[in-house]
Amino acid sequence: MIQTISAFERIGEENAFAVLARATELAQSGKDIINLGIGQPDFRTPDHIVEAAIKALRDGHHGYTPATGLLATREAVARRTFTTTGVEISPECVMIMPGGKPTMYAAIVMFGEPGAEILYPDPGFPIYKSMIDFTGAKAVPVPIREENGFAFSAEETLSLITPRTRLLILNSPANPTGGVTPRAEIEKLVKGLAVHPHVAILSDEIYDVMTYDGESATSLLQFPEIRDRLIVLNGWSKTWAMTGWRMGWSIWPDALYGKVRKLAVNCWSCVNAPSQYAGIAAIDGPQDEVDRMMRAFDRRRQVVVEGLNAIDGISCITPKGAFYAFPNIKETGRPAKKLASQLLEEAGVALIAGPDFGTLGEGYIRLSYANSEENILRALERIESFLAR
Ligand code: PLP
């Protein structure tokens, strides 16, 4: 009988995909389902970006590209990094990746092995823990608390570091909470990391420009003292509504760049050329569609937060970033997973249970407001009447 290695018994899931599959199945059977489950913008990729990919194909860009990405795409990323962070980086430290997730994979397999410890946010993007478990390293949760506005605490994070800690994963603006960690807290963390030079940092900044109320996210790149051990994850998926293109980038310290390049050669060779041309157009082209999308998200954010707070037993703090609300449902007395499943099966509202993002997610649910205002209002009505039954 064939037998796979034990690591595959430990690998996890991203339940948002399972919920999406079930929601699609129910919709195909004729049920009216409102999907607030999946974390992808409900906007089309702007036309000029699509055109750039079509042009690249017509121009004959059909072959392999460098494992690190086209120089022109890496240069575009360096320009964009300067615009958003004020930090000059060399295109020689940029990797073009097939989406955001492969950077997560690369960083975690580089540092994870039995005996090692990796710190990750809980609640947080579920793939962090899944991949840590896969490597056999110990996954150490860093609590992300509602009373802290869903920002991480520098003090608490630093207190969890041991001589075995190899990697610290940070995410702001955050999935699933919409939390944005204030600059002062990040400064405190960086200061504290000075006495832990053995700890590498993976900063997931994929929602970097998706913030509201004049808030701006702080990039870890702005701290030169940790650059030699910092990996920054970013990508096109969310900002330019390009989830299906599988386009991401990451910024690596010199010591790790050769390693991630080799991993790319072994795993996926390179990212397809037309998407990389589209990526350049996204960065260098007009940003008015992005602005329009963010204005729509902002309006829906108000609608969702107001609507949730009007429901008995639910309270929701205003998210400062990304496009998720993470309401507290503890007063309803219902376990989050059961409630999420009932809302999908009985009320036709797809959303994700907090525990799908970690044990500290119990008592919460995640709503993605990447849906029309009208649908959000209908979903809120359904949730309210379901709870009142
Ligand atoms: N990081 C975070 C925090 C995310 O929420 C997501 C997607 O939901 C990703 C990374 C992965 O992005 P991609 O779809 O480009 O792999």
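Predicted model: local features only at pLDDT ≥ 70, side-chain atom pairs only at ≥ 80, totals over all residues.

Q: How do you know how many residues of domain 1 and domain 2 are in contact?
A: Contact requires heavy atoms within 4.5 Å. By that test, domain 1 contributes 39 residues and domain 2 contributes 37 residues.

Q: What is the buried area between domain 1 and domain 2, and on which atoms does it fall?
A: The size of an interface is often given as the accessible area lost when the parts come together. Here domain 1 and domain 2 bury about 3100 Å² between them. Carbon and sulfur atoms carry 60% of that area. The count of salt bridges between domain 1 and domain 2 is 2.

Q: Why is the largest pocket said to lie between domain 1 and domain 2?
A: Domain 1 and domain 2 both give residues to the lining, so the largest pocket lies between them. Its volume is about 440 Å³.

Q: How do you know which residues line the largest pocket, and which lie nearest its centre?
A: A lining residue must have an atom within 4 Å of a grid point. For the largest pocket, 29 residues line the space, and Glu14, Gly39, Lys101, Phe125 and Lys238 lie nearest its centre. Two or more lining residues come from each of helix H2 (15-28), helix H5 (101-111) and helix H6 (126-135). H2 gives the most, with 3 residues. By class, the lining has 13 nonpolar, 9 polar and 7 charged residues.

Q: Why is the pair Glu14 and Lys101 called a salt bridge?
A: Side chains of opposite charge can pair when their charged atoms come close. The criterion is a side-chain nitrogen of Lys or Arg within 4 Å of a carboxyl oxygen of Asp or Glu. The closest N and O atoms of Glu14 and Lys101 are 2.7 Å apart, so the pair meets the criterion. Glu14 and Lys101 are also among the residues nearest the centre of the largest pocket.

Q: What makes a space a cavity, and how many are found?
A: A cavity is space where a 1.4 Å probe fits but cannot get out. The search of the whole structure finds 2 cavities of 30 Å³ or more.

Q: What is known of the largest cavity and its lining?
A: The largest cavity has a volume of about 120 Å³. Its lining holds 19 residues, and Pro121, Ile144, Phe152, Asn171 and Ala174 are the closest to its centre. Strand S3 (117-122) and strand S5 (165-171) each supply at least two lining residues, and S5 has the largest share, with 4 residues. The lining divides into 12 nonpolar, 7 polar and no charged residues.

Q: Which residues line the second largest cavity?
A: Among them are Phe152, Leu170, Asn171, Glu205 and Leu220. The space amounts to about 30 Å³. Its lining has 4 nonpolar, 4 polar and 1 charged residues.

Q: Why is the phi of Arg246 pointed out?
A: Most residues other than glycine have a negative phi. Arg246 is not a glycine, yet its phi is positive, about 60°. Arg246 is placed in the loop between strand S7 (230-235) and strand S8 (248-251).

How values were computed. Residues numbered from 1 in each chain as written. Heavy atoms only, no water. 1 Å grid on protein atoms, 1.4 Å probe; cavity = no way out; pocket = protein on both sides within 12 Å on 5 of 7 lines; lining within 4 Å. Points joined across faces, edges and corners; volume = space filled by probe spheres on them. Nonpolar A, V, L, I, M, F, W, Y, C, P; charged D, E, K, R; others polar. Domains from an automatic or database assignment. Buried area = accessible area lost by both parts, 1.4 Å probe.
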